[in-house]
Amino acid sequence: MALSKNSGGHRGMQESMYSVIALVFILVACVELCDAAAAIDVYRLIQYDMSGSAYGSRFAALNHHAASLHFPPGADLSRAVLVIPLRELNITFVREYINQKKPLGGLLFLLPDIFSFENGGNKQVHEKEQLKNLLAELEQLLIHANIPYPVYFAFENDEIDTVLADIKKNDAIGQPATATTGGYKLVIPTPEPKKVASPTITNIQGWLSGLKADGDTNQLPTIAIVASYDTFGAAPALSVGSDSNGSGVVALLEIARLFSLLYSNPKTRGRYNLLFGLTSGGPYNYNGTQKWLRSFDQRLRESIDYAICLNSIGSWDNELWIHVSKPPENAYIKQIFEGFSNVAEEMDIKVGLKHKKINISNPRVAREHEQFSRLRVTAATLSEISTAPELLQGTGGLYDSRQFVNETAITRGVKLVAESLARHIYGHQGKNVQIFADGGSLAVNPAYIQSWLDLLSQTPRVAPFLSKNDPFVMALKKELADHTDEVNMQHEVLEGVFTFYDSTSARLNIYQVASVTFDLLLLLVLGSYLIVLFSFLVITTRGLDDLISLFRRPPSRKVKTA
Amino acid sequence: MIYKSVFSGLIEGPKQIQSNKNKTICSSQIQIENWGQKIRRKMTMFHFFNCAILTFGPHAVYYSATPLSEYDTLGTSVKAALVYLGTALVKVSENDGFDPYQELLKAVIGFIDVAGLYFALTQLTHRNISQNHKFQAVGLGWAFADSVLHRLAPLWVGARGLEFTWDFILQGLEANANLVLSISLAALGSLMWLRKNKPKTLIPIIYACAGIVATMPSITSYLRRGLGWHFPKVVGFELFTSLSMAFISWQLFSACQRPSS
């Protein structure tokens, strides 16, 4: 009897062994092993109040399921985050969602690599321009909207691409991601954003003294060269503003370097003082420039012959514009324009003059020279853009990255400005004299321009997020101090019209979550496995009759199954 | 976050920002979010529960299904579990060795296991239980202690997390394989040390099988680290070998039992 029982048990054991192995293979083969959670850096849309109205994304924390643009129509997205790569962006769709205030859990925009600093990006030029314009349009839409859910930007990489492909696959099947079906969960655990208290704007000025003749008691005339260095964009942690106004800052530093070389030797020191100004608060109607000018001594202000403001001179081919507020017939304006035109002609550059009257009652200041003009100082802005930008437009946003700036354009711009200034200072107007000739000791240094441009393209410079002792501001100060006699910093508080909120960047965690149905299925499988095991053991050790007897009468001991 | 904003909205009065929040989030949506969050938290506990029953269920089932429960061999199992904990402590103190000695050390650790089992089988005073049940009880206690020591903590910490991995289910399957291995090792151990009259031809086979089963841990770690097998493959291998070793030791056990019965 023992023999037959053993052989019967032997056969039963073989069968159960096969079934267990089969079960294991089914479980493993059905679903592939999923990756661990991915974590990527994300950058939040700016949140600010302007004159009491709220703009930007009002929330920071995120804890929702991910959905793609291929979601089934009519799906409820109020608990889902839409992941949209820029290449597939349909701007009317986003505009509709935002303007009609449709409920959404969050938005995550994926930007192509060309907008980040690290990638060299040798894509086709056509595609670059298209994406740049699309991104500029998207930025303007997001900045001026009040969005009651978190909006984040991230750069495309392999991890997020595979996740997105998976999400699209799930959406195509028609399974909207909710708590009961599996999918990806995007979690950003940040606290609620708080106001930035007393945002400071810091103006840096460098003073290069001219040569005073013996016995000359009069104040030497001054020429001011100004550029604003701060930016404003949809994602403050990414607003590096390579062209607006990184190009202007770099040009100013290079001009300062060249003139410091000239002025270091008393024999070549000109009879003009040079005042270099790196101002902040540019996007906010050049608030910093206004405060800087107001802090001047009356005498100093009157001694300024004229001021040249540099803005966006990094991506032009052959044409630059000089914007003025005084009418072109004005003698001073004529002099400045002629000086620039002569040099430009020699360099094969076309320079045009744009005149726009200022309206004192209108607080909008589109270009920096207008702040000078309001205080009756002759000034002009040199720029590659012919039209006047709107408020918070063209202030160095997401699309303004290193890829779109050309060092040679900046180099030529520097040469143009430096030559024109030098001819005015040394009285060589109209003469064909090359002071900053290429190849000479005073040549414009492209390596200097490139290294500073690279640095600027990696440093986000939104003024409220730059503290008083920010390392970058200190670096600018030190650089200007190297090239000038005297450097001063002026700290001011940004006007009360604007209020900013912090929490500009975060870390996004992507979890792959299993659905409830999976857990229930697993429970079912485990339950049946344990029951099978139980019955198998009872049969083999105690015999089949025992098993049947368990069900016939109430068991004396509680049967332990899961 | 949502609660705070709604409450602050109620307290601070209808400011512009708060009124926007109130418009977009109505009370029913808040309720649904609460419910959803509770579900998610329960789900992660659910997964933990599933993996726990996969890891520890078979032990309970084995105890209750076989005649062990009728003979009340719980004491034996508990004692065996304690002996396992003792050997585990000894193993911990042996763990700092260099890489060249790693394999040798692992083999030594395997034999510490065997020594512990020997101690549990022979030295502990059991109540009058038959040979048949003694080794099962010892093996069961041994495997249960092993699972608790090595798998409970990672399970508690990991399986309740948000991210889903297959690791814990595979770990549970590994626990099952380990149970079978422990019982077969205990069976072979009892054959070696407790049974006096063994057929001469089978003795070398018994010792060979015992050696294989004892060195199983080092074999699996070599597969994982040396050959770079993935976890599911290793677990499959463990299940397969444990079942085959169980089968072989069953045959040996019944072969040894035949002359006496």
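Trainee: Which residues does A:Ser373 touch, not counting residues up to four places away in sequence?

Mentor: A:Ser373 touches A:Ser325 and A:Ile358. Keep in mind that this is a predicted model.

Trainee: Where does A:Ser373 sit?

Mentor: In helix H9 of chain A, residues 369-374.

Trainee: And is A:Ser373 buried or exposed?

Mentor: Buried. The relative accessible area of A:Ser373 is 11%, and buried means under 20%.

Trainee: Switching to charges. How many salt bridges are there over all chains?

Mentor: The structure holds 17. Side chains of opposite charge can pair when their charged atoms come close.

Trainee: Give me one. What does A:Glu156 pair with?

Mentor: A:Glu156 forms a salt bridge with A:Arg87. The closest N and O atoms are 3.3 Å apart.

Trainee: Why does that pair tie together separate parts of the chain?

Mentor: A:Glu156 is in the loop between strand S8 (151-155) and helix H4 (158-173) of chain A. A:Arg87 is in the loop between strand S5 (80-85) and helix H2 (91-99) of chain A. So the pair joins parts that are 69 residues apart in sequence.

Trainee: How accessible are the two partners, A:Glu156 and A:Arg87?

Mentor: A:Glu156 is buried, at 15% relative accessible area. A:Arg87 is partly exposed, at 41%.

Trainee: What about A:Glu88? Which residue does A:Glu88 bridge to?

Mentor: A:Lys168, with the closest N and O atoms 2.9 Å apart. This pair also links distant parts of the chain. A:Glu88 is in the loop between S5 and H2 of chain A, and A:Lys168 is in helix H4 of chain A. They are 80 residues apart.

Trainee: Is A:Glu88 buried, exposed or in between?

Mentor: A:Glu88 is partly exposed, with a relative accessible area of 36%.

Trainee: Which residues of chain A are linked in a salt-bridge network?

Mentor: A:Glu346, A:Glu419 and A:Arg423 are linked that way.

Trainee: Now chain B. What does B:Asp146 pair with?

Mentor: B:Asp146 makes a salt bridge with B:Arg151. Their closest N and O atoms are 3.2 Å apart. B:Asp146 is buried, at 8% relative accessible area. B:Arg151 counts as buried too, at 8%.

Trainee: Are A:Cys309 and B:Cys209 buried or exposed?

Mentor: A:Cys309 is buried, with a relative accessible area of 0%. B:Cys209 is buried as well, at 8%.

Trainee: What's the overall make-up of chain B? How many helices and strands?

Mentor: Chain B has 11 helices and zero strands. Of its 261 residues, 51% are buried.

Trainee: What share of the chain B contacts with a separation of 6 or more is between residues 24 or more positions apart?

Mentor: 78%.

Trainee: And the surface of chain B? What do carbon and sulfur atoms supply?

Mentor: Chain B exposes about 13,100 Å². Carbon and sulfur atoms supply 66% of that.

Trainee: Which parts of chain B does UniProt list as "transmembrane region"?

Mentor: The unreviewed entry lists residues 45-65, 104-125, 201-223 and 235-253 of chain B. In the model, residues 201-223 of chain B are 91% helix and 0% strand, with end C-alpha atoms 32 Å apart. Residues 235-253 of chain B are 100% helix and 0% strand, with end C-alpha atoms 26 Å apart.

Trainee: Where does that UniProt annotation fall in chain A?

Mentor: The unreviewed UniProt entry gives residues 520-544 of chain A. That span is 96% helix and 0% strand. The end C-alpha atoms of residues 520-544 are 30 Å apart.

Trainee: Last topic, packing. Which residues touch the most other members of the largest nonpolar core?

Mentor: B:Leu188 and B:Ile206, in a core of 65 residues. Among the elements that give two or more residues to this core are helix H13 (516-542) of chain A and helix H3 (27-65) of chain B. The largest share of this core, 14 residues, comes from H8(B).

Trainee: What lies apart from that core?

Mentor: Another core, of 64 residues. Its members include A:Ile255, A:Phe259, A:Leu442 and A:Leu476.

Definitions and conventions
Residues numbered from 1 in each chain as written. Chains lettered and ligands numbered in written order. Predicted model: local features only at pLDDT ≥ 70, side-chain atom pairs only at ≥ 80, totals over all residues. Heavy atoms only, no water. Buried < 20%, exposed > 50% of the residue type's maximum accessible area, 1.4 Å probe, protein only. Salt bridge = Lys/Arg side-chain N within 4 Å of Asp/Glu carboxyl O. Helix = DSSP H or I, 4+ residues; strand = E, 2+ residues; numbered from the N terminus. UniProt positions renumbered as here; feature names shortened; annotations may be inferred. Contact = heavy atoms within 4.5 Å. Areas by Shrake-Rupley, 256 points an atom, 1.4 Å probe, with all protein chains shown as cover. Core = buried A, V, L, I, M, F, W, Y, C linked by side-chain atoms within 4.5 Å.
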